[in-house]
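User: Could you take me through this model step by step, saying how each term is meant as it comes up?

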Amino acid sequence: MKRLYEAQAYAADAGAFWKDTTPPLEWPVAEDANCDVAIIGAGFTGLNAAITLARAGRDVRVLDAEHPGWGASGRNGGFCCIGGALVGDSTLARRHGAAQAASWQATQQAAIDHVDAFLSHTEAKVDRHSHGETVLAHTPRAFKSLRAEAEDHIGARLLSPEDLRTEGLGTTWHGGLHIPTGFALNPRKYHSALAQAALDAGAILHAYSPVTKLYRDGLWHLQTPKGTIRARQVILATNGYSSEDLPAWLRARTLPVQSSVIVTRPLTDAELAEANWTSDQMAYDTRQLLHYFRKFPDNRFLFGMRGGLTARPAEQMRISQHIRRDFNAAFPAWRDVEITHEWSGLVCLMASGHPFCGAVPQHEGLFASLGYHGNGVAMGSYLGHGLAQQMIGDADPALPAFLSKPPKRFPFGAYRRQLLRPAYMFAETFDL
């Protein structure tokens, strides 16, 4: 396998808080077998695809490289919200037309509705909370931008600094915007519910089964350490954890970037009151390199931000210090509160600035869905389902046509991480 980051970025145990909240899932190791569809990656995308395909009568096998939930689906912040693209609606409209930009907006809402419907149908207990999300202005100029943005969201509510104080949303912000769309959840509990639904539908799930070689000889052959899976069709659902050579077409078409997260011990009522953060809203700020944060139902607090350029120990130590500085600046009342968990995960960027979901060109029977730009809970789930629907010949959901446009490669190949250094420096300057 050829991956972009150092081995530590793909460690089986990332130290994420979520792993302590669910029993470990036990899946067999893959051995020699035949199936209709093999899915590489057992995260939100792969499992949603497996559920839809298995319910349609397809013989499905899902392969994960490590234990269930080891990748982004077990490391993210648990924000089920609008998003999925790095570029804005105006850019999408300029590139693809107003109708396609409107279709993308509808897709973002449909993605949240898809997860909501699954949770309602299965009655899964995922520690759900937050009515939409709140964007918090870190400067007066940013608040002016939020005033203009408010018109783009149905039901959005502009919040003055006094409103924020009244609603228990801190004291250090210059205003905010409440967007009544989305909710927060425990991603590992959601992942476990998806896995059970896939098993109930008839899918076979494999752990500790990395695909080390992928080739087509009449059927697709997925070589693993213990055997080979042969399938008529294959889905790549590996997102930021993809291997550059599975297949070679994938080389340099994604840019994984690290995101770092810390979680505190449960805060006391007095501590919450001191920082005036009593809200259950998920929130993020207006920085280019944004911070995202929320209070859990048990009063722990999650705080996340972009990660380092490498997974080397020295870089991780620097980012660990950086995230604590930023946390202390945003919530000075909690400067001495114990941090109980800290980890990082990979967010997947695309050169187009939007996901890819469709058939892989010149590879008969090969499909992929990846590139959610940090919003994989909703969008990764929905596009996994949508791709499966396309494969069984169902036009619902009708996804924006530009999502199936083959993604371009990033420049510099294996050295493309260097693109991040000037981008981060520029963003940090802009964020002042």
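This is a predicted model: local features need pLDDT of at least 70, side-chain atom pairs count only at pLDDT 80 or more; totals for chains, interfaces and linings use all residues.

User: Which elements give two or more residues to the lining of the second largest pocket?

Analyst: The volume of this pocket is about 320 Å³, a volume being the space filled by probe spheres set on the points, which are joined across faces, edges and corners. There are 17 lining residues, and Arg287, Leu289, His291, Asp326 and Asp431 are the closest to the centre of the pocket. The elements that give two or more residues are β15 (301–306) and α8 (313–330).

User: Which residues line the largest cavity?

Analyst: A cavity is a set of grid points where a 1.4 Å probe fits but cannot get out, and this structure holds 2 of them at 30 Å³ or more. The largest has a volume of about 70 Å³, and its lining divides into 4 nonpolar, 4 polar and 4 charged residues (nonpolar: Ala, Val, Leu, Ile, Met, Phe, Trp, Tyr, Cys and Pro; charged: Asp, Glu, Lys and Arg; polar: the others, Gly among them). The residues that line this cavity are Ala12, Asp13, Ala14, Gly15, Ala16, Lys19, His67, Gly69, Trp70, Gly74, Arg75 and Arg188.

User: How much space lies in the second largest cavity?

Analyst: The lining of the second largest cavity is formed by Leu4, Tyr10, Gly240, Ser242, Glu244, Thr254, Pro256 and Arg416. These lining residues divide into 3 nonpolar, 3 polar and 2 charged. The space in the second largest cavity is about 40 Å³.

User: Which strands stand at the edges of the open sheet, and why is one side of each left without a neighbour?

Analyst: The open sheet has 8 strands in the order β5-β6-β4-β13-β14-β15-β12-β16, with mixed pairing; two strands pair if DSSP finds at least two bridges between them. One side of each edge strand has no neighbour in the sheet because each has a single partner strand, and these edge strands are β5 (157–159) and β16 (339–349).

User: Which residue is the bridge partner of tyrosine 284 in β14?

Analyst: Tyrosine 284 is placed in strand β13, and β13 (residues 282–285) pairs with β14 (residues 292–295) in the antiparallel sense over 2 bridges. Not counting residues up to four places away in sequence, tyrosine 284 touches Glu133, Thr134, Val135, Leu136, Leu290, His291, Tyr292 and Phe293, a contact meaning heavy atoms within 4.5 Å. Its bridge partner in β14 is tyrosine 292.

User: At what angle do the axes of α3 and α9 cross?

Analyst: The axes of α3 (residues 98–122) and α9 (residues 379–391) come within 8 Å, axes being lines fitted to C-alpha atoms over the stretch in contact, with angles running from 0 to 180 degrees between N-to-C directions. The two helices are therefore roughly perpendicular (65 to 115 degrees; under 35 is roughly parallel, over 145 roughly antiparallel and the rest oblique). The contact includes Trp104 and His114 of α3 and Tyr382 and His385 of α9, and the angle is roughly 95°.

User: What is the omega of the peptide bond from leucine 246 to proline 247?

Analyst: Proline 247 lies in the loop between β11 (227–236) and β12. Most peptide bonds are trans. The bond from leucine 246 to proline 247 is cis, with omega near -5°.

Methods: Residues are numbered from 1 along each chain as its sequence is written. Side-chain values use heavy atoms; hydrogens and water are left out. On a 1 Å grid over the protein atoms alone, a cavity is a set of points where a 1.4 Å probe fits but cannot get out, and a pocket is an open set with protein on both sides within 12 Å along at least five of seven lines; lining residues have an atom within 4 Å of a point. Helices (H or I, at least four residues) and strands (E, at least two) are DSSP runs, numbered from the N terminus.
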